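Q: I have just opened this structure and would like to learn how to read it. Could you walk me through it step by step?

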Amino acid sequence: MAKMGRPKSDNPKKKVLSVRVEDALYERICDYADQNNMTVTEVVLESLEKLLNKSEH
């Protein structure tokens, strides 16, 4: 019988971050996500990567 369920990730995400934001910022993030066919999580992760990569230079 074949395995069922979601396939295992090569890079599992084990850590959870929780951030409180103002309504206005949340709306801006949601609008950006909608306009770019992304999830809120993808927007936040991509933004953090860009910020951290920028600070390394």
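A: Gladly! Let's begin with how elements are named: helices are DSSP runs of H or I with at least four residues, numbered from the N terminus. With that naming, Thr39 falls in the loop between helix 1 and helix 2. Please keep in mind that this is a predicted model.

Q: Where do helix 1 and helix 2 run?

A: Helix 1 covers 23–35 and helix 2 covers 40–56. Glu27 is a residue of helix 1, while Leu17 sits in the segment before helix 1.

Q: How do I tell whether Thr39 is buried, partly exposed or exposed?

A: The general idea is a pair of cut-offs: under 20% relative accessible area is buried, over 50% is exposed, and partly exposed is in between. Thr39 has 42% relative accessibility, so it counts as partly exposed. Glu27, with a relative accessible area of 45%, is therefore partly exposed too.

Q: What stands out about the backbone of Asn37?

A: Look at its phi angle. Phi of Asn37 is near 50°, which is a positive value in a residue other than glycine. Asn37 belongs to the loop between helix 1 and helix 2, and its relative accessible area of 74% makes it exposed.

Q: How many salt bridges does a search of the whole structure find?

A: For a salt bridge, you look for a side-chain nitrogen of Lys or Arg within 4 Å of a carboxyl oxygen of Asp or Glu. The search of the whole structure finds one. Its partners are Lys50 and Glu46, whose closest N and O atoms are 3.5 Å apart.

Q: Where do Lys50 and Glu46 lie?

A: Both are in helix 2, four residues apart, which is about one turn of the helix. Lys50 is exposed, because its relative accessible area is 53%. Glu46 has 35% relative accessibility, so it counts as partly exposed.

Q: What volume does the largest pocket have, and which residues lie nearest its centre?

A: The largest pocket has a volume of about 640 Å³. Its lining has 18 residues, with Leu17, Val19, Val44, Leu45 and Leu48 nearest the centre. Helix 1 and helix 2 are the elements that give two or more residues to this lining, and helix 2 gives the most, seven residues.

Q: How does the lining of the largest pocket divide into nonpolar, polar and charged residues?

A: There are 13 nonpolar residues, two polar and three charged.

Notes. Residues numbered from 1 in each chain as written. Predicted model: local features only at pLDDT ≥ 70, side-chain atom pairs only at ≥ 80, totals over all residues. Heavy atoms only, no water. Buried < 20%, exposed > 50% of the residue type's maximum accessible area, 1.4 Å probe, protein only. 1 Å grid on protein atoms, 1.4 Å probe; cavity = no way out; pocket = protein on both sides within 12 Å on 5 of 7 lines; lining within 4 Å. Points joined across faces, edges and corners; volume = space filled by probe spheres on them. Nonpolar A, V, L, I, M, F, W, Y, C, P; charged D, E, K, R; others polar.
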